[in-house]
Amino acid sequence: MLDQAPILTIIFPLIFAVITPLLGWVKKEFCYPWVIAALCLSSVCSIITLERVLCHGVIHYHFGNWSPPWGIEYVIDHLNSFVLVLVTSVSLLVAISSKRSIEKEIPQKEVYFYTLFLLQVTGFLGIVATGDIFNLYVFLEIASLAGYALIAVGEKHASFASFRYVVMGTIGACFYLLGVGYLYMATGSLNMADLSKILPELYHSKVILVAFIFFMVGLAIKMAIFPLHTWLPDAYTYAPSATSALVAPLMTKVSVYVMIRIIYTVFQPNFTMEMVPINSIISWVAVAAILYGIIMALGQKDLKRMFCYILIAEMGYMLGGIGLANKMGITGAILHILNDALMITCLFLVAGAVVYKRGGHHISQMKNNFKTMPFSMAAFAVVGLSLIGVPPTCGFFSKWYLILGAIEAHHWAFLTALILSSAVNAILFFKIVEIAYYGEESSSGVPHVHVGTHHSHSTIDEAPASILIPLGITALAILLVGIFSAKIVSGVIQYAVPPNL
Amino acid sequence: MFEIIVSKYNYWMYIILMMIGFYAMISKKNLIKKIIGMNIFQTAIILLFVSIAAKKGGTLPILEHAHDSMEHAIEVASYINPLPHVLMLTAIVVMVATLGVALAVVIFIYRKYGTLEEDEILDKIR
Amino acid sequence: MEITESIQPLLVVSTPLLCALLIVLFGRWPNFREFWTIAASLVTFFLVASMVKVMYGGNAVACRLIEVYPGVDIAFKVDAFGIFFALLSSFLWIIVSFYSIGYMRSLNEHSQTRFFAFFAVAISSALGVAFSSNLLTLYLFYELLTVCTYPLVTHHQDTEAKASGRMYLSILLGTSVAFFLPAILFTYFSAGTLDFSPQGILKGTASNGMITIIFLLYLFGIGKSAIMPFSGWLPRAMVAPTPVSALLHAVAVVKAGVFCQLRIYFNTFGVDLLHTLSLDVFLIYFVSITIIVGSLFALKQDDIKAMLAYSTISQLSYIILAGGIHSYQGMLGGVLHIVMHGFGKITLFLCAGSILCGSHIKKISQLGGIGRKMPITMLAFLFGALSVAGIPPFGGFISKWFLALGSIKGDQWPILVVLFTSTLLNLSYFMPVVYISFFGEESEMVKGDQNIHESSLYMVVPLMFTALISLVMFFYPYPFIHLAEIFVKSVMGG
């Protein structure tokens, strides 16, 4: 049974997703516990998988007992078992928080929402677990298709944003597929491990180069790397809050994982560093992405849209870490996959709580929230400090590794961009804090005389517990991951860093 | 030059088709036309995959008398490569699903904005 | 030097944190809430004081919490310098606790629970800074101190507080993120460690140019030490309630800034390294500008607290002189000035708060004749002013004396001139205040209001107490001198 844990991680959400509409047909209240059950099982399996990988090393799971390179193989090593646990646990937390908010935001559509939710998670898990590049494409499309639909049911212009995402996403996926095709033409194999053995002899071939470029561009679209990010802000802003909280942290992180796999497993670092100077290009794109993200975030008046631009800047961190191509940089990038997933989840859960209570996500909806929603705002304070990079929150530590990596690689522009982005994050964070803290005043426009007067105690009006508990857990996780980051790095991530740097 | 074009005509066809699709996706204002462009784009890739499986004089990879006797030696070279076909079967499913989602979203858009022209929708958004 | 493992440092830092939690829980019952503040401040002080004996023996107490990065821990190590600062902060916390109860209640301030809770967190972070055993821990508590003092500075939540809060954060957080953090990372990259060591860790690990860059990053990165041009936040932070200005912006926060500066110069760079690169000379001339210009700014202020703030800016740079005067006496003087200035300046702030509570006066020009109605407060003000200016028989004289001696020994004659000029300037902005309040004509405010009286005992007793300590420090400075000597000797290499 334990041997099957890797596949069960993915099978549980898939099977449960298929049954969800039937259950919903009987009684739609069944769906929520059903989804929670599926994700709990999946989380347990993923944790078992991680534990087994840590104890016994890499797991090879052959589908239907067909041995690779003919059959599809799932290879679970330190990197993807780590990402698997991240995906299952984040999606579990988001699922818990989704109950009340989707009842309010998209009434009558809960059944379909939960079905797609599980399919989306299945897609993410499949992408992460598989060791076959074509299988990866299929899961990428499963995740994307579920994402398109989940986003389209959102408010305002969500449908149009979703359509744009469909067009862009399809181009991205097709480019990826073209890359697969070119690699297959040159090597006749689709298995990642097999490819990494065959490819070094073909590194001088132009076909391989073209395939590599198709992979990079396709993934950059899925990752929303500047300047291919255009679909992201609209899509994630108008999506229902539960969708944004699921898709925003995970879709991009999973794509980062794929990029690391392609660059460092399928292709060898000496190809990416020496044959084509792709690494320096990647780091410079990362610098541009960070700068663009933070500058755009500064100008936003909408909470979720601001978070989207922060996400774009954060993607630059990880891309930059990948591009530095030294141990520190990659460690930072992998650690930041975890940290950023937590931070972005937390941000969008806060946005969800605000939307639930205030009915909107304009920045003015934050007014006076320190008084009325103290717990949500406490969580927001934690994630804000993490974005700035204040120890002992986790954001500090990934930045630490990334900056050390940048110093080691003498990439001063990336270092400057990282520091600049911390500073701008501080401005953004305290801009919101100011609004939430001085709320009453800016509404009336007349300064109050505070000395000698008691403030009227506005009553606490918090979001429901089903939102607050996951929010609290993510906020706590941000702190704990920071404090125990050395353990995480020495226990898991150091094995996940490609050994052949 | 001419020889390159002729001898690799399958690649040229796929590139031309793909560019047509790409053009439609980027520059057509009508959402349905964009979807059609998207389909052409995907089809071009399918064409590429299928064409690389082909061989001169190759036949379908079905073994005759496979179960009864082994009187025919299996000549791999005489069969076309089945794997790209199988891959494309999956890709077609993905493509159809994408098309379905895209059309559903377009219906959604039409109900909301009453039009399928991108510029008119953008006007309404502003 | 022996190092004993003990959880005592952790206890010291966590007591105020626990207290903050209790304050929030007991927020509805003000007397209970205040009880926790007082109790925690007493407990903290005794915990700190109990470690002093170990320090007198030249030993250290260490406590390692958790490894956050291979080779870098969050860890405490208490040495003579750390206990020196912790002793000052925790002692003054007791006094200011009583004072702030009187102050907050007599002005009927809002959100007192928040105030006392964040106050306790701020003390905890200041103690954390004092006990840090490496740069990462130092940075952690330094940032925590910035963040948790924000709600204190902007306590009034009005337009002015908002603007000041922006200034406060943008300078303190901006400099720390943009300069301090990269400096730490460069240090780690060069030295491979972040631990403080008596002789420094950077010697011979990087090129001279690199070390100079790291030095400049630290100099500008620690905004809390209010070296010009990054000193603008301090006068603006005076919108905070007076107890905050008194304890945090005369002692805990700003002294944490200069503490960091000295800690880094002595224990990260090492005195010799600074001297060989002539960075010490650059340092003392650079901060001399702040000493003089700060005093000049103080001269033209009409707001009492703003004047005190500029005076603080000027005096903080005295302390930083210790990092640059390459002589035993100079370093001793600078370190001692942390305490001497602390007692003097807190007295002045407590007086300013007492004046505000008793008469609602904030301007120097309105102080005419107030000394006749609030004699105790103004007498204490005189004591504090003389101590800050460095006039015998007050504590401030001792540290200035050592600084002057040190600058002669270290062949830095111009510093002597700077010290002398600054003393004159100090007197010329403090003495008029004292003069008009006792002998000047009664101002409109004082005349018109018959209710001007001494503030409550909660406030008067603490300020008398600190004023007396300023006096006592001249005659009996030995507890602090002894600690400073131990530290300076270890830095100078025995």
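Chain B has five helices and zero strands. The model described here is predicted. Along the sequence, the pattern of chain B reads α-α-α-α-α. The radius of gyration of chain B is 21 Å, well over the 14 Å that the globule rule gives for 126 residues, so chain B is more spread out than a compact globule. The box filled by its C-alpha atoms tells of the dimensions: roughly 75 × 45 × 15 Å, taken along the principal axes. Of the 126 residues in chain B, 23% are buried. Contacts within chain B were also sorted by separation in sequence. Among those between residues at least 6 apart, 51% join residues at least 24 apart.

The chains were then examined in pairs. Two pairs of chains touch, and the pair with the most contacts is A and C. Chain B and chain C share no contact. The closest C-alpha atoms of chain B and chain C lie 34 Å apart.

Where chain A meets chain B, 20 residues of chain A are in contact with 25 residues of chain B. On the chain A side, two elements give two or more residues: helix H5 (133–152) and helix H6 (158–187) of chain A. H6(A) gives the most, with twelve residues. By class, this side of chain A has 14 nonpolar, five polar and one charged residues.

The contact between chains A and C takes 32 residues from chain A and 30 residues from chain C. H18(A) provides the largest share, seven residues. The side of chain A that touches chain C divides into 20 nonpolar, ten polar and two charged residues.

Chain C also holds a sheet. This sheet is open and has three strands, in the order E1-E2-E3, with mixed pairing. Strand E1 (3–5) and strand E3 (72–78) of chain C are the edge strands, and each pairs on one side only. From one strand to the next, the twist averages 40°. In general, strands of a sheet pair through backbone hydrogen bonds, either parallel or antiparallel. E1(C) and strand E2 (residues 60–69) of chain C pair in the parallel sense, over three bridges. Within E2(C), Ala60(C) stands opposite Ile3(C). A helix crosses this sheet. Helix H1 (residues 8–25) of chain C lies across E2 and E3 of chain C. H1(C) runs at about 75° to E2(C).

The largest nonpolar core has 439 residues. Val87(A), Cys346(A), Phe84(C) and Ala122(C) touch the most other members of this core. Helix H14 (residues 327–358) of chain A gives the core its largest share, 21 residues. Leaving aside neighbours within four places in sequence, Phe84(C) is in contact with Phe480(C), Leu483(C), Ala484(C) and Phe487(C).

Terms used. Residues are numbered from 1 along each chain as its sequence is written. Chains are lettered from A and ligands numbered from 1 in the order in which they are written. This is a predicted model: local features need pLDDT of at least 70, side-chain atom pairs count only at pLDDT 80 or more; totals for chains, interfaces and linings use all residues. Two residues are in contact if their C-beta atoms, placed from the backbone, lie within 7 Å. Helices (H or I, at least four residues) and strands (E, at least two) are DSSP runs, numbered from the N terminus. Ala, Val, Leu, Ile, Met, Phe, Trp, Tyr, Cys and Pro count as nonpolar, Asp, Glu, Lys and Arg as charged, and the others, Gly among them, as polar. Two strands pair if DSSP finds at least two bridges between them. Axes are lines fitted to C-alpha atoms, for helices over the stretch in contact, and angles run from 0 to 180 degrees between N-to-C directions. A nonpolar core is a set of buried Ala, Val, Leu, Ile, Met, Phe, Trp, Tyr and Cys residues joined through C-beta atoms within 7 Å. A residue is buried if 20 or more other C-beta atoms lie within 10 Å of its own, exposed if 12 or fewer, and partly exposed in between; C-beta atoms are placed from the backbone. The radius of gyration is taken over C-alpha atoms; the globule rule is 2.2 Å times the number of residues to the power 0.38.
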